[in-house]
Every structure is written in structure tokens, then in C-alpha cells.
Amino acid sequence: MTYNDTSSFAAFNFDFSDYLKINRRVGVRYPAPPSTLTLRKNNILNFSSEFIATLIDISARGALITCSEPLTNNTKLALKILFADGTLFNLKGKVVREKSPHHYGIKLDNYNHDLDQYLHQLLGAILLD
């Protein structure tokens, strides 16, 4: 190979997506600010009713919650988070783990940039002081 050989440069893979998958927790996890969390199990018939849960921590990728309703892994949920200042987020996710009885890890279906920005503005400055 010579330094003038561009074929090896063209063959270089600039796709780092596999490398970035190694660190799944890219978002910042914040202790939950005052909020009301309403959950609804998503099923084919949508007959499930809403129930209240409590946020323990939250990020733009997921949340840790506690609730008295029993949940199992892969349960699909609709989350409605109403923060104390009136900001509302409607999100979708699924249960990915039961941390302890009534404590569940929820993975959001999609990274939520607006939620990330909101949490950073609301809590980022407090945590950095």
C-alpha cells in the first residue's frame, strides 16, 4: 500500500454505530422531579385502565418507577408524566426489568430529545451546583 492509494481509505468504515451500542446509557439519569405519573398497559384491545405510579429517576431513554400494579417484563406501557410546572410528556415504553418488588425499569421506545432538554434545564443546573 502506498500513501497515494485511496482504495484503502474508501474501504474504511466510518459507521461507528456498533461501537456506540456498547454504551447503552448515553442519556443522563436524573432523580425524578415532582410529577404525576399515570400508566396504561398497551394491549391489542386497549381495554386496560389507567393507574398511578411514582417516578424514582428518569432519563430521555427510560425511567425507574414504583407502583402497586404488578408488571411483567416486556409489558408495553403508555406513560403520561405531568410535571409540577404543568409540562406534560406522553411517552411509550416497555418494562425491561423488575429491580425489586414493585420497582420496575422502563425503557422508552425512542430517545426523547424534548424530555432530555427539559430535564437538563430543570435539573441539570441544580445538580451541577
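Colleague: Which residue in β5 is the bridge partner of Lys 41?

Modeller: Please keep in mind that this is a predicted model, in which local features need pLDDT of at least 70 and side-chain atom pairs count only at pLDDT 80 or more, while totals for chains, interfaces and linings use all residues. Residues are numbered from 1 along each chain as its sequence is written, and side-chain values use heavy atoms, with hydrogens and water left out. Lys 41 belongs to strand β2, residues 35-41, and β2 runs antiparallel to β5, with seven bridges joining the two (strands pair if DSSP finds at least two bridges between them). In β5, which covers residues 76-83, the partner of Lys 41 is Leu 77.

Colleague: With which residue does Glu 69 form a salt bridge?

Modeller: A salt bridge here is a side-chain nitrogen of Lys or Arg within 4 Å of a carboxyl oxygen of Asp or Glu, and by this rule the count comes to two. In one of them, Glu 69 contributes from the loop between β4 and β5, and its partner sits 28 residues away in strand β2. With an N to O distance of 3.4 Å, the side chain of Glu 69 meets that of Lys 41.

Colleague: Is Asp 57 buried or exposed?

Modeller: Asp 57 forms a salt bridge with Arg 29, the closest N and O atoms being 3.2 Å apart. That pair links distant parts of the chain, with Arg 29 in the loop between α2 (17-21) and β1 (30-31) and Asp 57 in strand β3. Buried means under 20% relative accessible area, exposed over 50%, and partly exposed in between, with a 1.4 Å probe and protein chains only. Arg 29, at 33%, is partly exposed, whereas Asp 57, because its relative accessible area is 14%, counts as buried.

Colleague: How many of the five residues of strand β4 are buried?

Modeller: Strand β4 spans residues 62-66 and has pairing partners that include β3, residues 50-58, which it meets in the antiparallel sense over four bridges, and β7, residues 103-108, again antiparallel, over five bridges. A hairpin of three residues joins β3 to β4; Thr 54 has Thr 66 as its bridge partner in β4, and Ala 63 stands opposite Ile 106 in β7. Of the 129 residues of the chain, 31% count as buried. Strand β4 itself is mostly covered, the number of buried residues being four.

Colleague: Which residues gather in the patch of positive charge on the surface?

Modeller: Patches are made of residues with over 30% relative accessible area and no salt bridge, like charges being joined within 9 Å and nonpolar side chains (Val, Leu, Ile, Met, Phe, Trp, Tyr) within 5 Å. Lys and Arg count as positive and Asp and Glu as negative, without His and the chain ends. One of the members lies in strand β5 and is exposed at 53% relative accessibility. The patch consists of Arg 61, Lys 76, Lys 94 and Lys 107.

Colleague: What distance separates the C-alpha atoms of Glu 50 and Leu 79?

Modeller: Glu 50 is found in strand β3, where it is the bridge partner of Arg 40, and it is partly exposed at 47% relative accessibility. Glu 50 and Leu 79 are 29 residues apart along the chain, and their C-alpha atoms are separated by 9.6 Å.

Note on methods:
Areas by Shrake-Rupley, 256 points an atom, 1.4 Å probe, with all protein chains shown as cover. Charge placed at Lys NZ, Arg CZ, Asp CG, Glu CD.
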